[in-house]
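Visitor: I am new to this structure and would like to know how its descriptions are reached. Please show it first, and then I will ask about the terms.

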Amino acid sequence: MPSIALLHHPHQYRLANPTPHTSPSELEAAITTRIASHPRAKLLASLPGVGTINLAQLLAEVGPILDRVDSAEQAAAECGAAPVTKASGKTSGVYFRWAANRRARKALTAFAHNSRLALPWAGGLYADARARGKRNPHATRIVARAWLRVIWACWQQASPYNPARHTAALRAATLPT
């Protein structure tokens, strides 16, 4: 089993390689301890649907990308949440982005899936994508790209996620069903 790294200084935040005798609860306790000492963990800890393990994944995989890119759209492309348009003289189509950080994509889409179950705004975004004929992976990446814009703002402003400032979620909450 590979070691688990958390952002910036991999050697500083790396957990020792677990032995086959390490229990899942011991691993989770070690991850929780490492997250508590991470300087940016509080920024993302209040996201709806993010748990301890998913928070660690976001910090370890998406965090370095957010540190080095210039925009949320660039981060979405590197995380595999942005589509690729291929066009020739006769056809055009939107496809899955293979040239992306696979672990960052997995962390981001796992969070997007959890958030759509925990927040009506994300659930509505997913349902709208499915109603437009998108398959589950594509619809989940649409939710992930929307969340990445929110995460980008939190990361750049160094302010924790605040649902009261999330205007799209507030609009979705006030719409009649």
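Visitor: Which hand does the crossing of α4 and α6 have?

Guide: The crossing of α4 and α6 is left-handed. A crossing is called left-handed if the near helix is turned anticlockwise from the far one by less than a right angle, and right-handed if clockwise. This is a predicted model, in which local features need pLDDT of at least 70 and side-chain atom pairs count only at pLDDT 80 or more, while totals for chains, interfaces and linings use all residues. Residues are numbered from 1 along each chain as its sequence is written, and side-chain values use heavy atoms, with hydrogens and water left out.

Visitor: What makes α4 and α6 oblique to each other?

Guide: The axes of α4 (residues 52-68) and α6 (residues 102-118) cross at roughly 130 degrees and come within 9 Å. Axes are lines fitted to C-alpha atoms, for helices over the stretch in contact, and angles run from 0 to 180 degrees between N-to-C directions. Under 35 degrees counts as roughly parallel, over 145 as roughly antiparallel, 65 to 115 as roughly perpendicular, and the rest as oblique. The pair α4 and α6 is therefore oblique.

Visitor: Which residues of α4 and α6 meet?

Guide: From α4 come Asn54, Gln57, Leu58, Glu61, Val62 and Ile65, and from α6 come Arg103, Ala104, Ala107, Leu108, Ala110, Phe111 and Asn114. By class, this contact has eight nonpolar, three polar and two charged residues. Contact means heavy atoms within 4.5 Å. Ala, Val, Leu, Ile, Met, Phe, Trp, Tyr, Cys and Pro count as nonpolar, Asp, Glu, Lys and Arg as charged, and the others, Gly among them, as polar.

Visitor: Why are α2 and α4 called oblique?

Guide: Helix α2 (residues 24-36) packs on α4 at an angle of about 50 degrees, with the axes 10 Å apart. That angle makes α2 and α4 oblique to each other. α2 passes α4 in a left-handed crossing. Glu28, Ile31, Thr32 and Ile35 in α2 meet Thr52, Ile53, Leu55 and Ala56 in α4. Five of these residues are nonpolar, two polar and one charged.

Visitor: How is α6 oriented to α7, and what makes it so?

Guide: The angle between α6 and helix α7 (residues 120-131) is about 110 degrees, and their axes lie 5 Å apart. α6 is therefore roughly perpendicular to α7. In this contact, Ser115, Arg116 and Ala118 of α6 meet Pro120, Ala122, Gly123 and Tyr126 of α7.

Visitor: How many helices and strands are there in the protein?

Guide: The protein has nine helices and two strands. Helices (H or I, at least four residues) and strands (E, at least two) are DSSP runs, numbered from the N terminus. Their order is α-α-α-α-α-β-β-α-α-α-α.

Visitor: How do you know whether Cys79 is buried or exposed?

Guide: Buried means under 20% relative accessible area, exposed over 50%, and partly exposed in between (1.4 Å probe, protein chains only). Cys79 has 1%, so Cys79 is buried. Cys154 is buried too, at 7%. Of the 177 residues of the protein, 37% count as buried.

Visitor: How many disulfides are counted?

Guide: Zero disulfides are counted, a disulfide being a pair of cysteine sulfur atoms within 2.5 Å.

Visitor: Why does Ala158 count as exposed?

Guide: Its relative accessibility is 56%, so Ala158 is exposed. Ala158 is in the loop between α8 (136-157) and α9 (167-174). Its phi is near 55 degrees, a positive value in a residue other than glycine. Most residues other than glycine have a negative phi.
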